[in-house]
Amino acid sequence: MSNRLIIFDTTLRDGEQSPGASMTREEKVRIARQLEKLRVDVIEAGFAAASQGDFESIRAIASSIRESTVCSLSRANDRDIARAAEALQPAARKRIHTFIATSPLHMQMKLRMEPEQVLEQAKLAVRFARQFTDDIEFSPEDGSRSEEDFLCRVLEGVIAEGATTINFPDTVGYAVPELFGATIKRLRERIPNSDKAVWSVHCHNDLGLAVANSLAGVMIGGARQIECTINGLGERAGNTALEEVVMALRTRNAYYNLELGIDTTQIVAASKMVSQITGFAVQPNKAVVGANAFAHASGIHQDGILKARETYEIMRAEDVGWTANKIVLGKLSGRNAFKQRLQELGIELDSEAEVNAAFARFKELADRKSDIFDEDIMALVTDEEQAHESEYYRFVSLAQRSETGELPLAKVVFSMGGKEYSCQGSGDGPVDATVNAIESEAKSGAELVLFSINAISSGTQSQGEVTMRLSHAGRIVNGVGADPDIVVASAKAYISGLNKLHSKIERLNPQTEPAP
Ligand code: KIV
Ligand code: ZN
């Protein structure tokens with residue numbers, strides 16, 4: 001069996017299925033470029049049949065990524081598969097990933113199909129997909145709760161039709177490591193043509209076991225592909241976290257003895273980018289990418305670290321891309337220096353007009369903040385892209401007053417549909433007053449379901465990055481905004497959320513939407 005382990009990243013597909021995590025085409029291309037720098041083997045770029053926007057995002061990624069294989073998910077029907085093939089057409093290397101549920105519960109309650117029909121549809125789907133590429137992945141959805149005899153028939157059938165990767169999903173995060181690994185091992189032993197496909201694992205983290213299950217799938221089951229997302233992003237409790245599984249395999253390489261293509265020094269940049277774009281903040285004590293992951297706060301640890309770092313450190317911060325915050329640019333930096341830094345950060349803006357707009361924002365920020373870090377540049381590009389994407393609402397200015405014992409007041413100027421409004425509001429705190437002021441004119445009816453603030457870099461001069469999750473008419477979006485003034489950052493985040501609600505992007509969820 002090969003020792004090469006394939007890393008399949010599904011941040012842009014399964015990660016994006018997380019409510020509020022939807023990304024624009026430009027944002028997805030930016031993340032895909034970072035994933036390519038990280039040298040992931042396969043990028044699942046989306047679900048082409050979900051919407052026109054998803055289709056175009058996959059196509060844009062397929063056109064710009066050269067090293068990693070680009071993949072689209074599709075349900076097991078001809079229409080979805082043809083759409084995936086069309087979106088992937090420009091890709092240097094392409095994969096179609098088709099799936100159908102195989103557990104009794106999903107077949108009866110969701111698909112309303114008999115097992116024999118599911119078996120036939122799975123085989124037909126793989127046969128159809130083979131016309132477009134010979135790199136075909138098949139997943140029996142809810143695999144960990146499916147009956148083994150039936151799984152054997154389905155998987156043998158799809159391999160015979162030409163599936164080259166068999167992905168075994170723990171869709172609802174129900175599996176435990178030893179049993180999960182043993183199931184994959186038995187399936188591989190029982191299915192006569194199992195050696196014709198690479199076996200893969202796809203784990204959800206509902207019991208906090210996604211990484212452990214993935215590793216058991218590899219070590220006990222013999223899987224040679226792990227599906228994962230940056231920061232473990234994904235529906236409910238998320239997916240296997242790429243950074244954790246990769247660093248476990250790297251750090252304990254003597255035990256796992258597997259080869260990975262990943263450039264681990266790109267991990268932190270990828271983590272920051274995904275968190276900034278989606279508004280899903282990374283908890284400080286998160287393994288590998290959390291702000292505290294390498295901070296040795298307690299005195300005894302610091303003493304040990306000074307004598308020999310291995311006393312308390314099993315990985316080196318620099319190996320995963322943690323570098324001390326560098327002052328990269330300042331007030332006097334010119335357009336060329338700014339443009340070069342954008343390139344170094346892998347940010348490719350489409351036109352000179354966009355570079356100019358981003359540079360104008362940079363100058364504005366540099367007037368108010370003396371040291372500009374990479375994180376600041378990334379935040380301003382995200383702001384710029386989001387404003388560019390849908391500018392029905394636009395933040396103009398804010399004045400706010402709060403004093404101990406006094407009712408906070410805010411005056412916000414913003415535009416809506418091209419017309420400028422100046423409005424006032426009061427509230428329990430300055431952020432509440434700001435949101436009330438905006439709502440007094442916007443009247444969106446949106447409910448604020450999450451509000452979080454993070455410092456982008458360190459120190460009190462850092463920009464505050466705010467996420468506001470808004471819910472309206474069954475839709476959930478994350479608005480993000482950054483500014484050295486956290487109340488202004490909050491106003492920007494609220495307005496970014498309103499823009500996302502206004503853009504009314506409707507997309508199908510591949511797993512819960514009935515097939516056509
Ligand atoms: O969790 C799951 O089952 C999936 C499949 C579509 C692979 O995401
Ligand atoms: Zn999944």
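Visitor: Is Asn454 buried, exposed or partly exposed?
Guide: This is a predicted model, and the values here are computed from it. The relative accessible area of Asn454 is 32%. Buried means under 20% and exposed means over 50%. Asn454 falls in between, so the class is partly exposed.

Visitor: Which residues surround ligand 1?
Guide: Four elements, α1 (11-15), β4 (94-101), β5 (136-141) and β6 (165-170), each give at least two residues to the shell. The shell residues are Arg13, Asp14, His97, Phe99, Ser139, Glu141, Asn167, Pro169, Thr171, His202, His204 and Gln511.

Visitor: How many residues of that shell are nonpolar, polar and charged?
Guide: Arg13, Asp14 and Glu141 are among the shell residues, and Asp, Glu and Arg count as charged. Phe99 and Pro169 are also in the shell, and Phe and Pro count as nonpolar. The division is two nonpolar, seven polar and three charged.

Visitor: What is the distance from a polar side-chain atom of Arg13 to an oxygen atom of ligand 1, and what is it for His204 and Gln511?
Guide: For Arg13 the distance to a ligand oxygen is 3.0 Å. For His204 a polar side-chain atom also has an oxygen atom of ligand 1 at 3.0 Å. For Gln511 a side-chain N or O atom and a ligand oxygen are separated by 3.4 Å.

Visitor: How much of the accessible area of ligand 1 does the protein cover?
Guide: On its own, ligand 1 has 260 Å² of accessible area. The space that ligand 1 takes is the largest cavity.

Visitor: How far apart in space are Asn167 and Lys411?
Guide: In sequence, 244 residues separate Asn167 from Lys411. Taken from C-alpha to C-alpha, their distance in space is 54 Å.

Visitor: Which residue has its side chain joined to that of Gln276 by a polar contact of 3.0 Å?
Guide: Gln276 is in helix α12, residues 267-278, and is buried at 6% relative accessibility. The side-chain partner at 3.0 Å is Glu465.

Visitor: Which residue has its backbone nitrogen 3.3 Å from a polar side-chain atom of Ser72?
Guide: Ser72 is part of strand β3, residues 69-75. With a relative accessible area of 0%, Ser72 is buried. The backbone nitrogen at 3.3 Å from the side chain of Ser72 belongs to Ala48.

Visitor: Is Arg39 buried, exposed or partly exposed?
Guide: Arg39 sits in the loop between α2 (25-37) and β2 (42-47), with a positive phi near 65°. Its relative accessible area is 49%. Exposed means over 50%, so Arg39 is partly exposed.

Visitor: What is the phi value of Arg112?
Guide: Arg112 is in the loop between α5 (104-111) and α6 (115-129). Arg112 is exposed, at 66% relative accessible area. Its phi is positive although the residue is not glycine, and lies near 50°.

Visitor: Is Leu38 buried or exposed?
Guide: Leu38 is located in the loop between α2 and β2. The relative accessible area of Leu38 is 0%. Under 20% counts as buried, so Leu38 is buried.

Visitor: What is the C-alpha separation of Pro430 and Gln225?
Guide: Pro430 is in helix α17, residues 430-442, and is partly exposed at 26% relative accessibility. Along the chain, Pro430 and Gln225 are 205 residues apart. Their C-alpha atoms are separated by 49 Å.

How values were computed
Residues are numbered from 1 along each chain as its sequence is written. Chains are lettered from A and ligands numbered from 1 in the order in which they are written. This is a predicted model: local features need pLDDT of at least 70, side-chain atom pairs count only at pLDDT 80 or more; totals for chains, interfaces and linings use all residues. Side-chain values use heavy atoms; hydrogens and water are left out. A residue is near a molecule or strand if one of its heavy atoms lies within 4 Å of it. A polar contact is a pair of N or O atoms within 3.5 Å; within protein, one must be able to donate a hydrogen and the other to accept it, and residues adjacent in sequence count only if both atoms are side-chain atoms. Accessible areas come from the Shrake-Rupley method with a 1.4 Å probe; for residues, only the protein chains shown count as cover. On a 1 Å grid over the protein atoms alone, a cavity is a set of points where a 1.4 Å probe fits but cannot get out, and a pocket is an open set with protein on both sides within 12 Å along at least five of seven lines; lining residues have an atom within 4 Å of a point. A molecule sits in a cavity or pocket if more than half of its atoms lie within 2 Å of its grid points. Buried means under 20% relative accessible area, exposed over 50%, partly exposed in between (1.4 Å probe, protein chains only).
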